[in-house]
Amino acid sequence: MEDWFLCLPENEIKYAQTYKQSPLKTNVSEWSLSELDVLLLAGTVGHTLSLAASSFIEEEHQTWYFLLNTLCLAMFQDVCRKYFREKSASKDEEDCLLPSKDCWNSALPQPDASSEKWLALATPIFTLVCCRLLRSINQTGVQWAHLPDVGHWLNSSEHRTVLSLLTVFCLVLTYLLVQRRCSWVSKVALAFGLVGVYSYRAAVGNVIFPWQHSSRTMSKGTVEARFVYVFVLGILFSGTKDLLRSQIITADAKLKSRGLWEIYSGLVLLASLLFRAHNLPVLCCCLLIQTLISQFIWKKLHYDAAQITIMHYWFGQAFFYFQGNSNNIATIDISVGFVGLESYVEAPAIFLTALSTYAGPLLWTCHLVCYLSSERHRSPVSVGHGCYCLALLRSVPAAVYIVLVTVLRYHLFIWSVFSPKLLYESMHLLLTAGVCLFFITMEQSPRKS
């Protein structure tokens, strides 16, 4: 590839060498902000400043919905720029440089550019449609929380059959999206675990079995939930084993990437157990959007690690509210702390409740690490840079909010609005710090050995 211009005539070699070295002249503008950088920076700073108003805290989900929709439009603009405006210019340059395409095609097999282009164009639009549908599942906030939503409709006894079919579809789609990078042992464990999830929901009366009699007494689902926990621990153990092998025995990037993905798969299985049945479409859309954007947007447009980290952070915040959460303590689902337990046990209840509440941001954080580690062309320290950037995105708004709460300590809504938000921010910051510390430790251990 270094001597591709040898195929040219002698009178064009000099011009080809100049063309080959021309990208080096554009490094002076390397630090200039693009339109996407301005959007990400302005959106993050604007959200932080909006925390000074009680109304923006009560309806914070509207802020994240707006920012996410704007981000999808910005990605759509970048895709159009890549496949329409810049493609014609690059094609003209290639035509004048390459009189014969035989030697070029033999070295670079061309993919199906047409299908790739339309899939890339459809991905941001599909993401917008998914986000609009997810907003209708759970009404959150203060002003419109009393309005009926799709979740109430699905949970009614008259529509239990619809909820059962939707649950089966979501669990099957979850398996298809997650199993693609797992080992065969984890694939089997994931399949049995998702079957156990449906059995648990049927045992507690959320969905129905086709062969279940109405006179049968419903169980508490303890056995079924513990059945799923076994497979969750098995997948997490398999992923941790591959991760440690890649760190200690052999420096295998592929093995490390598979270990990280299996840890992510175990968390997905656990989230599918803890989510309420009507919230399983939120999990499926999360996985589907991650798959499509990773394949057709981030890999094709070559965003840097900081941009991808901020995008993951925005998506995680939006999916926190898609789950039905808010900045009100009353929206915390404490029933998940008893899944698989016959009585209240403090440590597991706290862990399960926190994991269920912050499942959206946690899954997007883990996907960020999996994506950065799977990109071979990126720097080996890109995962560490992503974790540092994510920690900064969480710590700076939390620090600013602490200052704002201190200044507004005599505000009328200090206990009803600002204090619950401070608890949410503190717990989110604690979870993010733990996850980032774990992955940064995994990144630094090979260099120490």
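Student: Is cysteine 285 buried or exposed?

Tutor: The model is predicted, with local features needing pLDDT of at least 70 and side-chain atom pairs pLDDT 80 or more, while totals for chains, interfaces and linings use all residues. Residues are numbered from 1 along each chain as its sequence is written, and side-chain values use heavy atoms, without hydrogens or water. Buried means under 20% relative accessible area, exposed over 50% and partly exposed in between (1.4 Å probe, protein chains only). Because its relative accessibility is 16%, cysteine 285 counts as buried.

Student: How many disulfides does a search of the whole structure find?

Tutor: A disulfide requires two cysteine sulfur atoms within 2.5 Å. The whole-structure search gives 0.

Student: Which cysteine sulfur is nearest to that of cysteine 285?

Tutor: Cysteine 285 takes part in no disulfide. At a distance of 4.2 Å, its nearest cysteine sulfur is that of cysteine 130.

Student: How far from cysteine 370 is the nearest cysteine sulfur?

Tutor: Cysteine 370 is buried, because its relative accessibility is 2%. Cysteine 370 is in no disulfide, and the nearest cysteine sulfur, belonging to cysteine 366, lies at 6.7 Å.

Student: What is the relative direction of H15 and H16?

Tutor: The helices, DSSP runs (H or I) of at least four residues, are H15 (residues 359–374) and H16 (residues 382–407). Their axes, fitted to C-alpha atoms over the stretch in contact (heavy atoms within 4.5 Å), are 9 Å apart at about 155 degrees, on a scale from 0 to 180 degrees between N-to-C directions. Angles under 35 degrees count as roughly parallel, 65 to 115 as roughly perpendicular, over 145 as roughly antiparallel and the rest as oblique. The pair is therefore roughly antiparallel.

Notes
Helices (H or I, at least four residues) and strands (E, at least two) are DSSP runs, numbered from the N terminus.
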